[in-house]
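Hello! Here are my notes on the two-chain model you asked about, as numbered points to read beside the structure.

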Amino acid sequence: MTRAVALAGLMATLVGARIAAAQDTVRVKGVYDAAIRPGIVVLPSPAELDSVRAIIARDLDYSDRFEVISLPSAGEIAIAGTGTAINYPLYRSLRASLAVEVSGTRADVTIRLHDLLTETVRQETTLPLDVSGQGEARMEVHRLSDQIVQWATGRPGVAATRLLFLNNGDKRIYRVDSDGYGIAPISPANVLAVSPAWSPDGSRIAYTQLGGEGPGTIILQSLGTGTRLVVPSTTTGQNITPSFSPDGRRLVFSKMTEQAANLYTVNVADLCCVERLTTGRFAENLSPVYSPDGRRVVFVSNRSGSPQIYGMAADGTDQELLVPFDYGSSGNSFAPDWTPDGTMIVFHREYGGNPQIVTFDLATRTLRQRTSSGRNEDPSFAPDGRHVVFVSNRTGRGQLHVLDLETGRVRQVATSGVARLPAWSRPLGRGR
Amino acid sequence: MRIRSFALALVVVVTACGKKQPEAVPMPTPGPSSTPAPPPPPPTSPNSRPATDPNAEARADLLRTLQEPIYFEYDQDAIRPDAQSTLERKAAILLANPGLRIRIAGNADERGSDEYNLVLGTKRATAAKRFFESKGIDGSRIDIISYGEERPVDPASNEGAWAKNRRDEFEITAGGDRLVKPQ
């Protein structure tokens, strides 16, 4: 996606600038269209801020909302300079309509978004990069990137987010920044953990611990202090696939017994008040996820023979088959998740024995298969509603991949071992 | 109500084991080294080793029988005919030793949904427990746990490894120190 452009050839083509200007009038009208990706350049910065500039350029690329035009690293600094006027015609000639300027010092970084067509600064902000906490400086830069995305498109960026995943080697839950940096274990060593889930504010996670206080206990772990708490009612039976309500006050999960697996909620704000949502005997219900408004729950059930995607009201009433399937021919379906705007769900369904990522539009009831190469499973939506992280073995072994539903672009989030069961956070505020 | 009574039984068992032999309920540490029940070695003939306490040897035989895993077909929790005879021998020991308590751990191969494999493990462990109950063994003596696909015996990705990983393992949680041979 990043387009390297030979500077020499471009210097001469001032005609290109006029073409770019004409094209970009579409965007200037102010209606954001995901299919149009304006060209953007990240201008040369003071050497001290080179890493900041590099992170921002990559974040803008990963947002899939721009055509990030990279500048040849040598030579152009003399042309563009710093602290001097921006050479708008030059960058327009690179077919960019926006430019990001990173200036100042690490103690006081200034970010400006230039509109190359009107030759004005559209927005700017200045902030110190907090370098005290581990990984926090990077997250501050990611928040700047998201600010730029917001200025340019009116849509949220997802650079300042993290992924949770299960590392298959040591069976611990890890976190990683959305750009693949800062991998760190979260759950303790020598504890078998599965199915991580974020609290909406990003301050804690829930997961199932196999063995220990019970056969399958749900643990709440604070990311700040590391404090671990056993969720009430989960030391009996085997309790799996937790997820938080949008207000963070409740967990919904599946309790497996010898008879069945049924869905329950528990109040984790007051550590009380367990409620049972499904009552099936001889059926398994699992992987429940609240809708973003908290009023519905989507989940997996095998009540009609094969595991498929069901929905119900948050109080357990109004249970229905949500995604249609043809008995005997549609593959099993698992691991549902909602878009943040609640209009679509994503899950994986088996086609010829291989799981593939599928979306289901709730208004139009349209099913779309989104992957076809290798095994692709356990999707989780980014807070922008267009990126999905999932596990794919397309490169040989199970690794996290991010798919942009708008462009179809896929990138890998490299981890050293086999990664499974990813969960994408909401945008993380300071200190998260 | 069924859930409640199961829960109560579980608490009693865990407490009992915790006092008598804490090593019987280890924290499940991942990795092949901590897999509780490796495939039993082939039976040795009495002549192949120096004379030992015959009681100890008989007990070791019983323990081997109790701990022998059983295996399942892909995505199935039905007891296979070969597993049935294995379970029959275990059931006889359980009937002869009323103080014996066990834990059955259900496991799945790596294929299929990761989270659904936890369900499959539960169904496999339950299937063996139901078999014992059908032989008159009190279900309160038997705990179950599912490890889904999280504790493979063989981490390879091939048919041979998958067949070994689709299994129930049997762990003695109490009453294993003195065993009576079934008549």
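**Notes on the predicted complex**

1. Of the 183 residues in chain B, 46% are buried (under 20% relative accessible area with a 1.4 Å probe and protein chains only; over 50% is exposed, and in between is partly exposed). Chain B holds five helices and four strands, in the order α-α-β-α-β-α-β-α-β from the N terminus. Helices (H or I, at least four residues) and strands (E, at least two) are DSSP runs numbered from the N terminus.

2. A word on conventions. This is a predicted model, where local features need pLDDT of at least 70 and side-chain atom pairs count only at pLDDT 80 or more, while totals for chains, interfaces and linings use all residues. Residues are numbered from 1 along each chain as its sequence is written, chains are lettered from A and ligands numbered from 1 in the order in which they are written, and side-chain values use heavy atoms, with hydrogens and water left out.

3. Chain A has 432 residues, 57% of them buried, and its secondary structure comes to six helices and 30 strands. Taking contacts (heavy atoms within 4.5 Å) with a separation of 6 or more, residues 24 or more positions apart account for 45% in chain A. The corresponding share in chain B is 79%.

4. Now to the interface. Chain A brings 41 residues to the contact and chain B 29 residues. The buried area is about 3,000 Å², with 61% of it from carbon and sulfur atoms; this is the accessible area (1.4 Å probe) that two parts lose on being put together, summed over both.

5. How many salt bridges cross between chain A and chain B? The rule finds seven, a salt bridge being a side-chain nitrogen of Lys or Arg within 4 Å of a carboxyl oxygen of Asp or Glu. One of them joins E284(A) and K123(B), at 3.4 Å from N to O. On the chain A side, strands including β10 (192-198), β18 (285-290) and β30 (419-424) each supply at least two residues that touch chain B. That side divides into 13 nonpolar, 16 polar and twelve charged residues. Here Ala, Val, Leu, Ile, Met, Phe, Trp, Tyr, Cys and Pro count as nonpolar, Asp, Glu, Lys and Arg as charged, and the others, Gly among them, as polar.

6. Six aromatic pairs turn up over all chains. Rings of Phe, Tyr and Trp (its six-membered ring) pair if their centres lie within 6.5 Å; planes under 30 degrees apart are stacked, over 60 edge-to-face and the rest tilted. F334(A) and Y116(B) make a tilted pair, 5.2 Å centre to centre with 45 degrees between the planes. This pair crosses between chains, from strand β22 (residues 333-338) of chain A to helix α4 (residues 114-134) of chain B. F334(A) counts as buried because its relative accessibility is 3%, and Y116(B) is buried at 10%.

7. Within chain B, F132(B) and F170(B) pair edge-to-face, at 6.3 Å centre to centre and 75 degrees between the planes. F132(B) lies in helix α4 and F170(B) in strand β4 (residues 167-174), so the pair ties together parts that are 38 residues apart in sequence. Both F132(B) and F170(B) are buried, and F131(B), F132(B) and F170(B) form one aromatic cluster.

8. Lastly, please look at T86(B), in helix α3 (residues 81-96) of chain B. T86(B) is buried because its relative accessibility is 6%. Its side chain reaches the backbone oxygen of D82(B) at 3.1 Å. Leaving aside neighbours within four places in sequence, T86(B) is in contact with E68(B), P69(B) and I70(B).

Terms used:
Polar contact = N/O pair within 3.5 Å; in protein donor to acceptor, adjacent residues only side chain to side chain.
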